[in-house]
Amino acid sequence: MTKNVLVLGDVIGNAGCRAVVSGLKSLIKKFSADFVVVNGENSADGFGITPEIATNIFAAGADVITTGNHIWQKKEILEYLDQEERLLRPDNYPPGNPGHGYCVIETRGLRFGVINLQGRVRLPPIECPFRRVKELLRKAKSETDVVIIDFHAESTEEKEAFALYVDGDVALVFGTHTHVQTADERVLPNGTAYITDVGATGPRDSVIGFEPRISVERSLTQMPFRNEVSDNLAFIHGVIVKLDTDTGKAVEISRYSEASIV
Ligand SMILES: [Fe+2]
């Protein structure tokens, strides 16, 4: 038997939220998606996520929301991280931090394990994601039928190395954080589907989701002006992965990209 997993890349600001809330249900139908993962890392004004936004993304059809380095930015999310099993933050932050980076969701007769980890190149020097993933996979082995990983990282080298490190142990490794969809989707030699970055679901006319004017000014002056999220019509980016439920490995992976009308 096969199942389809739909992943949407980093939801950015109001434009990204509008695109998910108005468009996800029809995408689920279009791709006959059995399981949906959305990265909500930048959904609240470009930095982090709030309980209200998470609730809206779940209501739109997401089974699990993953995040990344901006998860700590909105104070109101900290308590919610411990209450909502389906909202993940990178698991390799220091022990004792709010939240968790692994969950198991049982749906459509299958136990889907989702893991969220963060790279360490040009990001905070947290626990090694390579060592951490092996610990999590030992646990997942008896608790899941299929494992999906959001590897939130900056470096293409680190992302590819990570995917090859777990090739064959999981169904899918998708990269997030850089907000531009890469064209390297493929099934790795031992059956793990992989893409370096799924891309963003956020404003089209922007610099990785933020105001171009500020990015240009930062480049010209080398002064650390704070980014402001753009708000205009959105692009929706993601991948659709077909899984073999008997082996827990991937059959195929395709990129998805569409201009939203809201
Ligand atoms: Fe990020």
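Just after helix H1, Ser32 takes a positive phi of about 45°. This value, like the others here, comes from a predicted model. H1 itself covers residues 13-30 and has 18 residues. The helix reaches 25 Å from its first C-alpha to its last, close to the 26 Å expected at 1.5 Å a residue. H1 bends by about 50° at Gly23. Gly23 is also one of the buried residues of the helix.

The protein as a whole has six helices and twelve strands. Its radius of gyration is 17 Å, close to the 18 Å that the globule rule gives for 262 residues, so the protein is as compact as a globular protein of that length. Along the principal axes, the C-alpha atoms fill a box of roughly 55 × 40 × 35 Å. Buried residues account for 48% of the 262 residues. Contacts between residues at least 6 apart in sequence were also examined, and 68% of them join residues at least 24 apart.

E11 pairs with E1 (residues 2-8) in the antiparallel sense, over seven bridges. In this pairing, Val5 stands opposite Val241 of E11. Strand E10 (residues 202-203) is also antiparallel to E11, with two bridges between them. Here Gly202 has Phe235 of E11 as its bridge partner. E11 pairs with strand E12 (residues 249-259) too, again in the antiparallel sense, over ten bridges. Ile236 has Glu258 of E12 as its bridge partner. E11 and E12 form a hairpin, with four residues between the two strands. In the turn, Gly248 has a positive phi of about 70°.

An open sheet is formed by six strands in the order E4-E5-E6-E7-E9-E8, and the pairing is mixed. Strand E4 (102-107) and strand E8 (186-187) stand at the edges, each with a single partner strand, so one side of each is left without a neighbour in the sheet. Helix H4 (residues 129-143) packs on this sheet. H4 touches E4, strand E5 (110-118) and strand E6 (146-152), and its direction makes about 170° with that of E5. Within the sheet, strand E7 (residues 172-176) and strand E9 (residues 193-195) pair in the parallel sense over three bridges. Phe174 has Ile195 of E9 as its bridge partner. Helix H5 (residues 156-165) lies across E6, E7 and E9. H5 runs at about 165° to E7.

H4 has 15 residues. From its first C-alpha to its last, H4 reaches 20 Å, close to the 21 Å expected at 1.5 Å a residue. Its buried residues are Pro129, Arg132, Val133, Leu136 and Ala140. The cover over these residues includes E4, E5, E6 and H5.

Methods:
Residues numbered from 1 in each chain as written. Predicted model: local features only at pLDDT ≥ 70, side-chain atom pairs only at ≥ 80, totals over all residues. Pairing = 2+ DSSP bridges. Contact = placed C-beta atoms within 7 Å. Axes fitted to C-alpha atoms, helices over the stretch in contact; angles between N-to-C directions. Expected span 1.5 Å × (residues − 1). Buried ≥ 20, exposed ≤ 12 C-beta atoms within 10 Å, placed from the backbone. Rg over C-alpha atoms; globule rule 2.2 N^0.38 Å. Bend = angle between axes of the 7 residues up to and from the residue.
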